[in-house]
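Please open the structure in the viewer and keep the selection panel at hand.

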Amino acid sequence: MRNLLAPLVFFVTLALAPVVQAQVFEPESFTLDNGLQVVVVPNDRAPILTHMVWYRVGSADEPVGQSGIAHFLEHLMFKGTDKVEPGEFSRLVAREGGQDNAYTSYDFTAYFQTIASDRLDMVMELEADRMTGLLLEESEVNPERDVVLEERRSRVDNEPSSQLSEMVSAALYLHHPYGRPIIGWEDEIRQLDADIALDFYETWYAPNNAILIVAGDTTVEEVRRLAETHYGDIPERAVPERQRVEEPRQWASRRVELADTQVGQPSVSISYLAPSYNTALGDSSDATPYALQVLDELMGGRTGRLYQELVVNQEIAAGASAGYRANSLDLSEFSISVTPRKGDDLAKAEAALRAEITGLLEDGVSEQEVEQARQRLMDSVAYAQDSVSGPAHFIGRALTTGQDLKDIEAWPDRIGEVTAEEVEAAAELVFDPNRSVTGVLKSEPTS
Amino acid sequence: MMARFRSLPQLVSTLLLGLLLCLATPLAARAMDIQKVVSPGGIEAWLVEDHSNPVLAVEFAFRGGSATDPEGKEGLAGLTAALLDEGAGELDSTAFQEALDNRSIRMSFNTSRDRFSGSLMTLTRNRDEAFDYLRMALTEPRFDDSAVQRLKSQYQVMQARRLQDPQSLAWNGLYRLLFPDHPYGRPSEGTPESIGAVEVADMRAFLENQLARERLYIAATGDITPKELGELLDETFGSLPEEGTATEVPDTTPHSAGGVAVVEREQPQSVVAFGQPGMARDDPDFFAAYIVNYILGGGSFASRLNEEIRQERGLVYSVSTGLNTMDHAAVLTGGLATQNARVAESLAVLRAEWQRLAEEGPTEEELANAKSYVTGAFARQLNSSDSIASVLLSIQMDNLGIDYIDRRTEEIDAVSMEDVRRVASALLQPEALSFVVVGQPEGVESDLVLPPRE
C-alpha cells in the first residue's frame with residue numbers, strides 16, 4: 001500500500017472517511033454452517049451492487065522465501081477452474097456490464113465485482129466456484145508471472161519514490177513481515193510457480209477463513225438464499241493460525257536516503273511505529289488508535305498544522321501531510337512528510353517538520369482544534385454512506401484486521417469521546433525517535 | 001495494496017470520459033428521475049432528488065479551459081482554478097479553508113483542455129453556507145500575493161515531478177505529436193516559465209471572459225428540492241455576466257502520418273503512449289466506434305489487446321485504449337509499459353491487432369458481448385451523489401438531451417455488424433498510429449522527432 005500510487009488514492013479516500021457506522025449502514029450479518037461469515041449492506045439508490053469475498057490471508061502470512069505468493073495467487077485466481085476457462089470469469093462479468101478486480105494487502109486478499117443487482121446469482125456462482133476448484137496450467141502461470149514482474153517494474157523499478165518506500169518499510173520493521181513488499185522481492189517472484197500457489201491456496205482459501213460482503217440493491221433474504229445455494233456446500237477445512245512474529249524492541253532511529261537524477265520532487269518523510277485497533281504498542285490503550293486518528297486529522301490536511309505552518313506561514317514547503325490508519329492486524333504506522341518549495345533546502349524543510357513534532361509535544365494541542373477534528377471525522381460518516389460500494393471495501397478491511405461489526409458501529413462515538421489529553425498522550429507515545437525511520441528522497445543533479 | 005489491474009493514470013480520464021459519455025440502461029432510467037430545474041432568474045440545472053442521505057453534490061462547468069491559455073502563459077486556467085478557494089471576500093486563504101473545513105464542505109475547481117469546472121459537496125445542515133462560499137469563490141476571489149506565490153511554487157514542484165515521470169513524458173509527448181500546431185498540443189499545466197509569467201490581472205481577465213452564464217452547465221444530486229435549488233442557483237451564479245469574450249479555439253485534425261518517437265531515459269521498463277485520429281461525439285457512428293474501441297482495448301480484461309499482449313504473452317501489466325472526444329478534435333489513444341527488451345514485440349502485436357480488427361471486424365460473439373457490456377455498464381456510474389451529478393453534467397455538455405438515458409440502449413442495439421465493420425475499417429489505421437516510447441527500447445527505430453516543449 002505504502003509504495004503504490006494508484007491504489008494509494010483509493011486508500012486515501014477510505015482513510016479520510018473511516019466512517020462506517022453500523023447503525024447508519026444497517027449491515028446484517030449471519031454465518032453459514034461451513035463458517036462463512038456473510039455481511040449485507042442494503043442500499044437501493046441505484047440498481048447495482050458490489051459482491052466481495054475477503055480471505056483472511058495476505059502477504060504477511062507468506063512462508064519465508066516465497067514473498068509475493070499471496071499477490072501472485074490473486075492474479076492466478078482468474079485462470080480458471082474445471083468449470084470456467086482461463087479468463088472466462090472476467091469475460092462473463094464484463095458481458096453483463098460488470099467490473100471485476102481483486103487486491104492483496106499484508107493482512108487480506110479481496111475479490112470483488114460491481115454489477116447490475118439482478119446478476120448477483122451469477123457472480124456468486126463464479127466466486128464460489130473458484131473458492132475450491134482452481135486449476136493452474138503452466139501455459140497460464142508462466143505469462144502471468146511475467147505480468148507480475150512488469151507490474152513490479154511499473155510500480156517500483158521505474159519509480160524512485162517507491163524504491164525508497166520499500167527501503168523505509170524494510171527498515172521500520174526489523175523482524176515483522178510488514179517489512180516485505182506486498183508484491184514480493186523480484187528474485188523470489190521469479191521462483192514462484194503453480195505448486196507453490198496451489199499450496200498457499202489450499203492452506204488458506206476456505207469458507208471458514210473468508211467473509212462474503214454484499215453492498216447495494218439487495219436484501220438480506222436474497223443474499224442468504226443465494227449464499228446457501230452457492231457457498232453452502234463448500235466444506236469447512238482446517239486453516240492454520242496466523243503466526244505473526246512480534247516486532248522486537250527498537251533501540252535506535254534509522255535513516256534511509258535515496259538520491260537519483262530521476263527524482264523530480266525531493267521530499268522527507270518520518271514513519272513511526274504505531275498501535276492499531278488490534279495491536280497495542282508500549283502502554284497504548286484501546287482509546288489510543290482513536291486519539292491517533294484525531295491527531296492525524298488535526299496535523300494533516302489543508303487546514304492542518306503541518307500545511308498551515310510549513311506551507312502557509314513559513315513558506316518553505318510546497319506540501320506537507322500526515323497519515324495514519326488504525327486498521328491493521330499487527331502494528332501500524334504514523335507518518336508525516338514534507339516537500340520543499342522548488343530550490344528550497346531539503347534539510348531546512350526536515351528541520352521545520354521536526355520542529356512541529358517538538359512543538360506539539362511541548363505545547364500540546366488546543367481544545368478547539370481537537371473539537372474541530374472530531375467534528376470533521378464524524379461528519380465524514382454521511383459522505384461515506386453516500387457510496388454504494390465504499391462500505392463493502394471498508395467493512396472487509398475492518399473484519400480482516402481484527403475488528404467486528406460492533407466496533408465499526410461504535411466508531412463515531414469513540415471518536416466523539418477523544419479528549420485533548422488523550423491526543424497528547426498518543427502523540428507522546430507514537431513520536432518516539434527510536435521507533436522511527438526517516439526517508440529522504442533527493443534529486444541528484446545530472447552530471 | 002496490489003491490484004490485479006490498474007489503468008495507466010493518463011488513461012483513466014480518457015476511459016472515464018468514454019464511460020460517462022456512453023452509459024445508460026433502461027433500468028437506470030427507471031431508477032433515476034432527472035428533473036430540469038430553471039431558477040427564477042433563468043439559470044438551468046439538472047437535478048436528481050434523493051433525500052435518503054443528508055448530502056448534496058453539485059457539479060458544474062463552463063465551456064472553455066486550458067486550450068484558451070495565451071501563448072507564453074500556459075497554465076493560466078489551471079492556476080486560476082487552483083486559486084479560487086484560496087481566499088475570497090473578507091476571508092483570506094486560511095480563513096476561507098477553515099470555514100469550509102469546519103463545516104465539512106468539499107469544494108474544488110479544475111480545468112481540462114475544454115472545461116473550467118467545479119465540484120461542491122455539502123451536508124444538508126451547511127447547505128446555504130456552502131453555496132454562499134461557492135458564490136464568493138466564483139465572484140470575489142482575492143488572489144492575495146502570498147497565496148499566488150504559494151500556488152505557483154506548488155505548480156512548479158509538480159512540473160519538476162512531471163518532467164521526471166515517464167507516464168507524463170509519454171503522454172505530453174503524444175499530444176505534442178498529435179497536435180503540433182494547436183493548443184491541444186501544449187502542456188495544459190504550463191511550464192515553470194509560463195506559470196511564472198501569469199499575473200493576477202491575467203487571472204482576473206480570464207474569469208471575466210470565461211465565467212459567463214451562456215457557457216455554464218450545472219448538475220445536482222441529493223438532498224434538495226427543485227425550489228430550494230432554484231433559489232440557491234440565483235444567489236450563487238446570478239451575478240455572473242450572461243456573455244463573455246472567451247478566446248475561440250479552432251477545430252483541428254490530429255496528425256495522422258504515424259511513426260515512433262523514442263525519448264531516451266535510463267529505466268528498466270519502457271512506457272509507451274500511442275494515438276491516432278478518433279471519432280467525434282456527435283458523429284452518427286460514435287457508438288459503433290465506441291464498440292470497436294471496447295473490443296480492441298477499451299474493455300480492460302476482456303479486450304483483444306489485453307488477451308494478446310497481457311494474458312497470452314505476459315508482456316505488460318496493463319494495456320488499454322480509449323476514445324477521447326474533445327470539443328475541437330477527437331483521438332483514439334492508448335498506453336502500455338513493458339521491459340525494454342520486449343517493446344518491439346509489444347508494438348508489433350499491437351499493430352497486428354489494429355490491422356486484424358480493421359480488416360476482419362469482430363466476431364458475432366464479440367459484438368454481442370460488447371453491446372451487452374456497453375448497455376449494462378451505465379448503472380455502475382451511479383455509485384454516489386457526485387458520480388451521478390458528473391454523469392448528468394456530461395450528458396448536458398455533450399448535447400445529448402435529457403432523454404438520452406432512455407434512448408441510449410436503443411441506439412446501441414441499433415448498431416449492426418455492418419456498421420461496426422465499416423467503422424473499424426475506416427477508424428483503425430495502423431499506419432496512422434503515433435507512438436512515444438520513454439525508456440531504452442531495444443530494436444525500435446525512432447523516426448519521429450518530438451516537437452520541443454514550449
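Begin with chain A, which in this predicted model is divided into domain 1 (35–231) and domain 2 (254–441). Colour the two domains separately; their centres, taken over C-alpha atoms, are separated by 29 Å.

Next, examine where the two domains meet. Here 28 residues of domain 1 of chain A are in contact with 26 residues of domain 2 of chain A. On the domain 1 side, the elements that give two or more residues are β2 (37–42), β3 (48–55), β5 (109–116), α7 (160–172) and β6 (210–216) of chain A. Coloured by class, the side of domain 1 that touches domain 2 shows 18 nonpolar, 7 polar and 3 charged residues.

Now turn to chain B and select helix α4 (residues 93–101). Which residues of this helix are buried? They are B:S93, B:F96, B:Q97 and B:L100. These residues lie on the same side of α4(B), because they cover an arc of only 95° around the axis. They pack against β5 (106–111), α5 (127–139) and α6 (145–162) of chain B, and also against α12 (305–313) of chain A.

The last stop is the largest nonpolar core. Of its 273 residues, those that touch the most other members are A:V294, B:A220, B:I291 and B:V292. Helix α11 (residues 286–298) of chain B supplies the largest share of this core, 10 residues. Finally, centre the view on B:V292: leaving aside residues up to four places away in sequence, B:V292 touches B:L357, B:V420, B:V423, B:A424, B:L427 and B:L428.

Technical notes: Residues numbered from 1 in each chain as written. Chains lettered and ligands numbered in written order. Predicted model: local features only at pLDDT ≥ 70, side-chain atom pairs only at ≥ 80, totals over all residues. Buried ≥ 20, exposed ≤ 12 C-beta atoms within 10 Å, placed from the backbone. Helix = DSSP H or I, 4+ residues; strand = E, 2+ residues; numbered from the N terminus. Arc of directions from axis to C-beta. Contact = placed C-beta atoms within 7 Å. Domains from an automatic or database assignment. Nonpolar A, V, L, I, M, F, W, Y, C, P; charged D, E, K, R; others polar. Core = buried A, V, L, I, M, F, W, Y, C linked by C-beta atoms within 7 Å.
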